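Hi,

Here is the structure I promised to pass on to you. Have a look at it first, and then read my notes below.

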Amino acid sequence: MTVADDTQIRTVQGELSYLAPESTVLRRFTAPGASVNTGIYRPYLMPIHDGRPISDRFTLDRNGFALFEHRSTVRDFTDRDEVDRVYPGEVAEFIKAHTGADRVATLGWTLRRAASPAANASQPQAALVHNDFSIEGAHERASSAYSSFFPDGPGYRRAIITSLWRVFSPPPQDWPLAICDYTSVRPGEGLPNRMYFVDRIPDDLYAEMPADHPGAKGFEFHHKPYHQWWYFPDMTRDEILLIKLNDSDRSVAWMVPHSAFHDRTAAATHPRHSIEFRSIAYFE
């Protein structure tokens with residue numbers, strides 16, 4: 001999608017942290033309230049376009065993301081018991097209705113907070129250009145989740161892993177989420193990165209880790225000047241941004257790089273507090 005001839009689109013300059021070309025061994029350790037990555041990153045100033053005036057043009061299969069109105073019955077997203085009790089069903093129902101999937105497996109959720117991230121057992125904002133699943137990581141996760149959730153299922157022909165992202169702090173957001181349009185990502189981009197979930201950040205980030213240690217396999221990205229970035233300012237708790245993290249169907253948009261960025265044009269008075277919920281839609 002081009003913005004060259006669309007005068008209604010506002011653009012801000014945002015600093016995005018891309019993987020440096022010399023980085024090789026990529027590991028991310030995530031502990032309660034902290035996250036450390038072995039990769040070397042460099043900031044690049046990129047134009048980030050306001051997608052609100054044309055929000056109806058974005059689709060999951062063309063751009064890799066889309067904005068929706070969605071009212072949740074969760075009253076307090078920092079109440080972990082309430083979120084566990086109410087939110088998975090809401091997410092599964094929305095994903096199934098929107099994608100037309102036969103089954104949906106809910107993988108869990110993460111709170112993120114731009115200030116005092118340890119509060120409410122949150123994580124810091126994810127301010128590196130990344131995608132949560134590599135091809136290998138997505139295949140492994142989709143296969144294991146299907147076996148676990150649907151042991152008597154007939155199998156599946158397609159699996160879509162998504163993140164449903166919602167802000168529940170009041171607008172404007174100081175650290176909104178930027179998404180790279182799939183149509184501007186070229187084949188072969190993305191370097192695999194191994195993520196480990198730990199109780200505390202280890203002293204030696206390069207020590208050998210057990211092959212079955214809990215974690216995930218994602219993608220990091222090198223800077224490309226042709227990447228086209230979008231964001232949706234002033235999101236409310238009654239909106240969701242649905243992001244495609246991996247799609248086994250490679251004929252459509254199957255993943256999108258994304259990153260939080262500091263919007264210095266926003267007169268924010270509250271740190272951004274958000275919840276992201278990952279799920280897998282299966283087509284049998």
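F232 is buried, because its relative accessibility is 2%; buried means under 20% relative accessible area, exposed over 50%, and partly exposed in between, with a 1.4 Å probe and protein chains only. F58 is also buried, with a relative accessible area of 4%.

Before going on, please keep in mind that this is a predicted model, where local features need pLDDT of at least 70, side-chain atom pairs count only at pLDDT 80 or more, and totals for chains, interfaces and linings use all residues. Residues are numbered from 1 along each chain as its sequence is written, and side-chain values use heavy atoms, without hydrogens and water.

Now to the rings. Rings of Phe, Tyr and Trp (its six-membered ring) pair if their centres lie within 6.5 Å; planes under 30 degrees apart are stacked, over 60 edge-to-face, and the rest tilted. The count by this rule is 19 aromatic pairs. One of them joins F58 and F232 edge-to-face, at 5.8 Å centre to centre and 85° between the planes. These two are 174 residues apart, with F58 in the loop between β4 and β5 and F232 in the loop between β12 (229–231) and β13 (239–247). Strands here are DSSP runs (E, at least two residues), numbered from the N terminus.

F219 and F221 are another edge-to-face pair, at 6.2 Å and 70°, and both are buried. Y146, F149, F150, Y156 and Y282 form one aromatic cluster.

Happy exploring!

Technical notes: Helices (H or I, at least four residues) and strands (E, at least two) are DSSP runs, numbered from the N terminus.
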